Amino acid sequence: MPTVIRRTFFKVFTMMVLCFVILCSQNVMAQKSVSIVVSQDNWGEARTVDIQKVLESAANELWVYFPNKRLETIKVVYDADTPRTRCAKGSNGEYIVQLTAQNRRWAQFSYQFAHEFFHVLSNYDKTGCNSGIGTENQWFEESLAEVSSMFVLRQMAATWKENPPYSNWKSYASSLEKYGEDLRNDTNRQLPPNTKFIKWFKENHSSLRNDPYLRAKNKLIANRLLPFFERSPESWEAIGYFNLGTPDSSNSFQAYLNNWHKKVPVKYESFVENIAKEFGMRITN
């Protein structure tokens, strides 16, 4: 092959490879983004475009740890009643998340959305939703959803100091940081004096099984579990293996943890084992 033709061929081939790499990278980035749509609702002074920026920022603090997970669109609506992820999905399969936050209370928006985003990531829709399957251990997921809120707020505060959704929003970082610290230091989230967590848990486990939405107890547990996720944030991916398979007929917390341990990749087994130890339990798989 003549030298000129060989050089031309090499240039064309190089350009084709480069274009392919760029297209693949764009496709991967598109797949990794979370699609959030904010409805035109009673958000007070807040613009929907700004709310979307805040919620995307909150979602990204967790989503980065789920490289292999894919989600349908999340539609966010206002509801004065309570923040929650609705059991029924939209007509196009989208998740419906309702929030009560209004105006430009970005910390509150982030706090509420991070809780609900946890439920989406943890496969709430595979449990029969409101059918009562495995609800005896729902308290654990509610507690981890609270961990999610605290974790996201603290991470967003650091992110917004350098890279907020808008350059003039850097000043909001301190508000996010204070909101997160106030939650962490709230006296209602602390153990009673001279009380060990395992002892407290044994005394409160029964009430949690009967009512998973005992928020004061959920928040205290969340305070205990937050350091596990801040020490190894990549372990958030492990919650993507919740609610898979058939629940154990006993619905015991021990069986729940065993099932979670069975489902996670090997790299997260020790993380689940350490969580179990915090509650005075040992994985028995």
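I started with what covers the buried residues of α5, and the cover includes α3 (106–121), α4 (138–162) and α7 (215–231). This is a predicted model, so I am reading computed geometry throughout.

Which residues of α5 are buried? I found A173, L176, G180 and L183. Looking down the axis of α5, I see its buried residues fall within an arc of 95 degrees, so they line one face of the helix. On the face of α5 turned away from the buried side, I noted the exposed residues K178 and N185.

I also checked the length of α5. Its 14 residues (172–185) should span 20 Å at 1.5 Å a residue, and the end C-alpha atoms are 20 Å apart, which agrees.

Next entry: S57. I located S57 in helix α2 (residues 48–63). Is S57 buried or exposed? It is buried, because its relative accessible area is 12% and the cut-off is under 20%. Leaving out residues up to four places away in sequence, S57 touches M156, W160 and P165.

W160 sent me to the rings. I count 34 aromatic pairs in the structure. For W160 and W169, the ring centres are 5.5 Å apart and the planes are at 35 degrees, so I logged the pair as tilted. Both W160 and W169 are buried.

One cluster is formed by F118, W139, F140, F197, W200, F201, F242, F253, Y256, W260 and F279.

R231 lies over the face of F228, at 5.1 Å from the ring centre.

Last, the overall numbers. I get nine helices and four strands, and along the sequence they follow the pattern α-β-α-β-β-β-α-α-α-α-α-α-α. Of the 285 residues in the protein, 43% are buried. How much area does the protein expose? It exposes about 15,000 Å², with carbon and sulfur atoms supplying 51% of that. For contacts between residues at least 6 apart in sequence, I noted that 69% join residues at least 24 apart.

Notes
Residues numbered from 1 in each chain as written. Predicted model: local features only at pLDDT ≥ 70, side-chain atom pairs only at ≥ 80, totals over all residues. Heavy atoms only, no water. Phe/Tyr/Trp six-rings, centres within 6.5 Å; stacked < 30°, edge-to-face > 60°. Buried < 20%, exposed > 50% of the residue type's maximum accessible area, 1.4 Å probe, protein only. Lys NZ or Arg CZ within 6 Å of the ring centre and 35° of its normal. Helix = DSSP H or I, 4+ residues; strand = E, 2+ residues; numbered from the N terminus. Expected span 1.5 Å × (residues − 1). Arc of directions from axis to C-beta. Contact = heavy atoms within 4.5 Å. Areas by Shrake-Rupley, 256 points an atom, 1.4 Å probe, with all protein chains shown as cover.
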